[in-house]
Amino acid sequence: KERYGRTAYPYDDVDPVPVISANFDPQPTSFTPLPLPTTPFAPAVPYDPGQHEQQQHFTDAAAETAPKGESLSSVAQNDIGTDGGGNGSDNGDESESGSGSDTGKEVKGPGMVTSQPLGVVGLVSVVYFLVAGGAYGTEDLASSVPPLWSLLGITAIPWLWSLPVSLIVAELASAMPTEAGFLRWTKEAFGSMMSFIDGWMLVWIIVIDQTIYPVIFVDYLHTWIDLAWWQSWLICLAYIFVCLVLNLLGVANLGRFSIVFSMFTLIPFGLYVILGFASDDFDASMWVKTSNTDPDSNRWDIGLYLSVLVWATCGFEYSGFLANNVRNPERTFPLGMLVTNVLMLITYLLPIAITIACAEKLWDVHEGSYPRLADDLGFGKWFGVIMTIGGLVSTMGTYNAYLHTSAKALYSLAHEGNAPIFLTYAPSFFHETLHIPKSVPVLCIFFFSTTTAILVLVDFGALVQTVSFLYCAHAMILVTSFITLRFRQPEMSRPYKFPFGYVGLALGTALPLGVAAIQMIFVFVDDWL
């Protein structure tokens, strides 16, 4: 007890080894022991797969000192009376044989015990909101270019851009399951400097992009209610506060809420598609038109089209920050990425197709038009209200998932010394008084919530293309990191590998690099063209 600041365990005579733990607390008196042998001062650094052998030796030695007939997890639970994550029972009776699954945990490295509540459904729900979150905000895809090219682009981009990036993430996340996500992968490939640049590029993308969602939330309310600027701001603050609370509850609750958000988002668009086909205004011949539908202008807004399409289909790499919170990542990640891509394609393609076929003035369709379009189908005002509610839930679901992964990224930056170190501190008030899980990066969540609360007052029209440019640059760093690791570290254990060998590797990296390069070029030359 004098050495560790806690009650001695049966295996305390084992010579401990350095441990990697997400539950690091610099104050030994407030340390909450984990249900497997650990030291209380383990640094919160990403998992190093090279230490498996050392962990196995330590675990075997500890097991030998446990009372006969009891597993190591049983001893730990009976002594501690908790599952280590704040969600266990107090009597320790639930553990039976020596399986680590009895505690709902997995040992990912030397002494690192992490909660793994997300299966395929939970992962798809979270990633869906990171990437899509419904078709809200994509209305410009129907009007910025001729209908045929619009539909072809929506059909092609998920396979040329989103699927390759998502499969790259699946391989890297299964090979290096770390909450540092692509920041760790970039560091492994190019070193600390590139990881620092990519990390702060990410921070600026997030700070700007996160502000869009509460603003869209208020814009949909404006469809039915007239609000002064200060009333809009107060609503934005309430919106931000609700998402802050949901994120403080931890990743397990995030997965549950994302599933609920997904249902409320998909139902209105399911109705929109069904009623659109039944509408008297439905005209399928509009789908094959190759000329601009605006009688007063023949200009194609390719820059706007590409910006909206890339923005609407990006974000798969943020799922890498959930790698330590996913069951069986070698199976769950690729399956979850594939399902999310299919859902995303359906989410965007069908509503845009119905909009093209039913809109009376297609050139007048713009962001925020879905409630009006639903009302114009002629089935009553109730349908417009449902579409508005769906838009409100969609933006909150996207922001909620985005806030969690961005806070994880900033925490990793701070831990690596590339952001202020105070962001890694865990205030005792939140963890001891409010019982917030110690794995939640509280100060990072507060940082992004504060910046969003301030920036919702700013007009982001001039910054949207900056976000698009930065994201494409970030995506290029991710893809080149993947290529570099494949050739520099071929011996690395990869439970899941990008399919189709070297041909798949070549196509899967060339296609997203090409899409990103084209988008970055159009950011500069579209107005000139």
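Buried means under 20% relative accessible area, exposed means over 50%, and partly exposed is in between (1.4 Å probe, protein chains only).

**Figure 1. Overview of the protein chain.** Of the 529 residues in the protein chain, buried ones make up 55%. The model is predicted: local features need pLDDT of at least 70, side-chain atom pairs count only at pLDDT 80 or more, and totals for chains, interfaces and linings use all residues. Residues are numbered from 1 along each chain as its sequence is written, and side-chain values use heavy atoms, with hydrogens and water left out. The protein chain has 18 helices and two strands. Both are DSSP runs numbered from the N terminus: helices are H or I with at least four residues, strands are E with at least two. Contact means heavy atoms within 4.5 Å. Among contacts in the protein chain with a separation of 6 or more, 79% are between residues 24 or more positions apart.

**Figure 2. Aromatic pairs.** The structure holds 15 aromatic pairs. Rings of Phe, Tyr and Trp (its six-membered ring) pair if their centres lie within 6.5 Å; planes under 30 degrees apart are stacked, over 60 edge-to-face, and the rest tilted. Trp-382 and Phe-383 form a tilted pair, 5.5 Å centre to centre with 40° between the planes. Trp-382 is partly exposed because its relative accessibility is 44%. Phe-383 is buried, at 0%. Phe-429 and Phe-430 pair edge-to-face, with 5.5 Å between centres and 80° between planes. Phe-429 is partly exposed at 47% relative accessible area, while Phe-430 is buried at 15%.

**Figure 3. The ring cluster and Tyr-370.** Ring pairs join Tyr-136, Phe-269, Tyr-272, Tyr-370, Trp-382 and Phe-383 into a cluster. Tyr-370 is also one of four residues, with Trp-161, Trp-185 and Tyr-272, that touch the most other members of the largest nonpolar core, which has 125 residues. Such a core is a set of buried Ala, Val, Leu, Ile, Met, Phe, Trp, Tyr and Cys residues joined through side-chain atoms within 4.5 Å. Neighbours within four places in sequence aside, Tyr-370 is in contact with residues including Ala-135, Glu-139, Pro-351 and Met-387.

Figure 4. A search of the whole structure finds six cavities of 30 Å³ or more. On a 1 Å grid over the protein atoms alone, a cavity is a set of points where a 1.4 Å probe fits but cannot get out; lining residues have an atom within 4 Å of a point. Points are joined across faces, edges and corners, and a volume is the space filled by probe spheres set on them. The largest cavity holds about 270 Å³ of space. Its lining has 27 residues, and Val-131, Asp-209, Tyr-213, Trp-311 and Ala-312 lie nearest the centre. Helices that each supply at least two lining residues include α3 (120-131), α7 (192-209) and α14 (381-415). The lining divides into 17 nonpolar, nine polar and one charged. Here Ala, Val, Leu, Ile, Met, Phe, Trp, Tyr, Cys and Pro count as nonpolar, Asp, Glu, Lys and Arg as charged, and the others, Gly among them, as polar.

Figure 5. Ala-414 lies in helix α14. Ala-414 is buried, at 0% relative accessibility. Ala-414 and Thr-424 are ten residues apart in sequence and 6.4 Å apart in space, C-alpha to C-alpha. Trp-229 belongs to helix α9 (residues 229-248). Trp-229 counts as exposed because its relative accessibility is 64%. From Trp-229 to Leu-457 the C-alpha distance is 8.6 Å, across 228 residues of sequence.

Methods:
On a 1 Å grid over the protein atoms alone, a cavity is a set of points where a 1.4 Å probe fits but cannot get out, and a pocket is an open set with protein on both sides within 12 Å along at least five of seven lines; lining residues have an atom within 4 Å of a point.
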